[in-house]
Amino acid sequence: MQGRIPSTGVTSNLRRSMMTTSHTHTQSGSARKSAKTASHTKANSSKGHDPATSLLMADHTKVKKLFKQFGKSKGKDALEDKARIVEQACSELRIHTRIEEEIFYPAVKAALGKDGDMIDEALVEHASCKDLIAQLSVMKPGEEMFDSRFTVLSEFIEHHVKEEENELFPKVRRLKALNLEDLGEQMQQLKQSLSPDSEVVDAH
Ligand SMILES: [Fe+2]
Ligand SMILES: [Fe+2]
């Protein structure tokens, strides 16, 4: 499966993480604020319970579920189901990659120093996924190549997620220069502003 990734030189670092356990960020704003008083060094040393990587892993889990649902879509409603699943997965991925590229990756790259090329490789992988998402956005289920493109997208993402969760995130949690509480809060805010229903909330 790794052989299907374009010649990005992407190593196995960033793809193992999009799909592990989700610890959806359910803390209230005030709870998060009070949590910030705790040492971020402590948070960074925990395994997957910091707000930043937990938010990303929750997204990974959600998208992986959609990939599974796509594979099970059969029968008379299959085309309708596939259209819904692909639209939702692509929407989730667009938001997720923006959060990573605008907030998480730049902060991590700066803190990683000489290991910052992990982030460059992740960006190359994102670019490949974005190409497939753009192609799928102008297609309908039943069209030639629709299923193949989504299947390959799911394979790219699964690989990318494994690297993130198994190699990048553990490194990130050990970076004392990063405050993952603050980072997680910024990421949560951007996610809310980009979510499809955020306009409804803002209107009140
Ligand atoms: Fe990710
Ligand atoms: Fe990523």
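**Entry: the largest nonpolar core**

I began with the largest nonpolar core of this predicted model. I found 20 residues in this core, and the members touching the most others are A52, F104, V108, L183 and M187. Helix 4 supplies the largest share, with 6 residues.

I then picked L183 and listed its contacts, leaving aside neighbours within four places in sequence. L183 is in contact with A52, I103, F104, A107 and L178. Two of these partners, A52 and F104, are also among the residues that touch the most other core members.

I also noted a second, separate core. This one has 17 residues, including L66, C129, L132 and L136. As a reminder to myself: in soluble globular proteins, nonpolar side chains tend to be buried together.

I checked the confidence next. The mean pLDDT of the protein is 81, and 73% of its residues reach 70 or more. Over residues 1-43 the pLDDT is below 50, although this stretch has 107 contacts in the model beyond near neighbours in sequence.

**Entry: the overall layout**

I counted 8 helices and 1 strand in the protein. From the N terminus on, the order of elements is β-α-α-α-α-α-α-α-α. Of the 204 residues in the protein, 34% are buried. I also looked at contacts between residues at least 6 apart in sequence, and 84% of them join residues at least 24 apart.

Helix 3 has 22 residues and reaches 32 Å from its first C-alpha to its last, close to the 32 Å expected at 1.5 Å a residue. Which of its residues are buried? I wrote down P51, A52, T53, S54, L55, L56, M57, D59, H60, V63, L66 and F70. In this list, A52 is a member of the largest core, while L66 belongs to the second one.

In the loop between helix 3 and helix 4 I stopped at S73. S73 has 18 other C-beta atoms within 10 Å, so I noted S73 as partly exposed. Not counting residues up to four places away in sequence, S73 touches A78, D81, K82 and I85. S73 and I85 are 12 residues apart along the chain, and their C-alpha atoms are separated by 9.4 Å.

**Entry: helix 4**

I compared the span of helix 4 with that of a straight helix. A straight helix of 35 residues would span 51 Å at 1.5 Å a residue, but helix 4 spans only 45 Å between its end C-alpha atoms. Looking along the helix, I found a bend of about 45 degrees at F104, with a proline, P106, following within four residues. F104 was already in my notes as one of the core residues that touch the most other members. Just after helix 4, G113 takes a positive phi of about 65 degrees.

I looked up S91 in helix 4 as well. S91 has 15 C-beta neighbours inside 10 Å and therefore counts as partly exposed. S91 and I133 are 42 residues apart in sequence, yet 9.1 Å apart in space, C-alpha to C-alpha.

**Entry: helix 6 and the residue M145**

M145 is found in the loop between helix 5 and helix 6. Is M145 buried or exposed? It has 11 C-beta neighbours inside 10 Å, and 12 or fewer is the cut-off for exposed, so M145 counts as exposed. Its phi is near 80 degrees, a positive value in a residue other than glycine. I flagged that because most residues other than glycine have a negative phi.

Helix 6 has 28 residues and should span 40 Å at 1.5 Å a residue; its end C-alpha atoms are 38 Å apart, which agrees. Even so, I noted a kink of about 35 degrees in helix 6, centred on E164.

My last stop was E155, also in helix 6. E155 counts as partly exposed because it has 16 C-beta neighbours inside 10 Å. E155 and C129 are 26 residues apart in sequence and 9.9 Å apart in space, C-alpha to C-alpha.

Notes
Residues are numbered from 1 along each chain as its sequence is written. Chains are lettered from A and ligands numbered from 1 in the order in which they are written. A nonpolar core is a set of buried Ala, Val, Leu, Ile, Met, Phe, Trp, Tyr and Cys residues joined through C-beta atoms within 7 Å. Helices (H or I, at least four residues) and strands (E, at least two) are DSSP runs, numbered from the N terminus. Two residues are in contact if their C-beta atoms, placed from the backbone, lie within 7 Å. pLDDT is the predictor's confidence in each residue, from 0 to 100. The expected span of a helix is 1.5 Å times one less than its number of residues. The bend at a residue is the angle between axes fitted to the seven residues ending there and the seven starting there.
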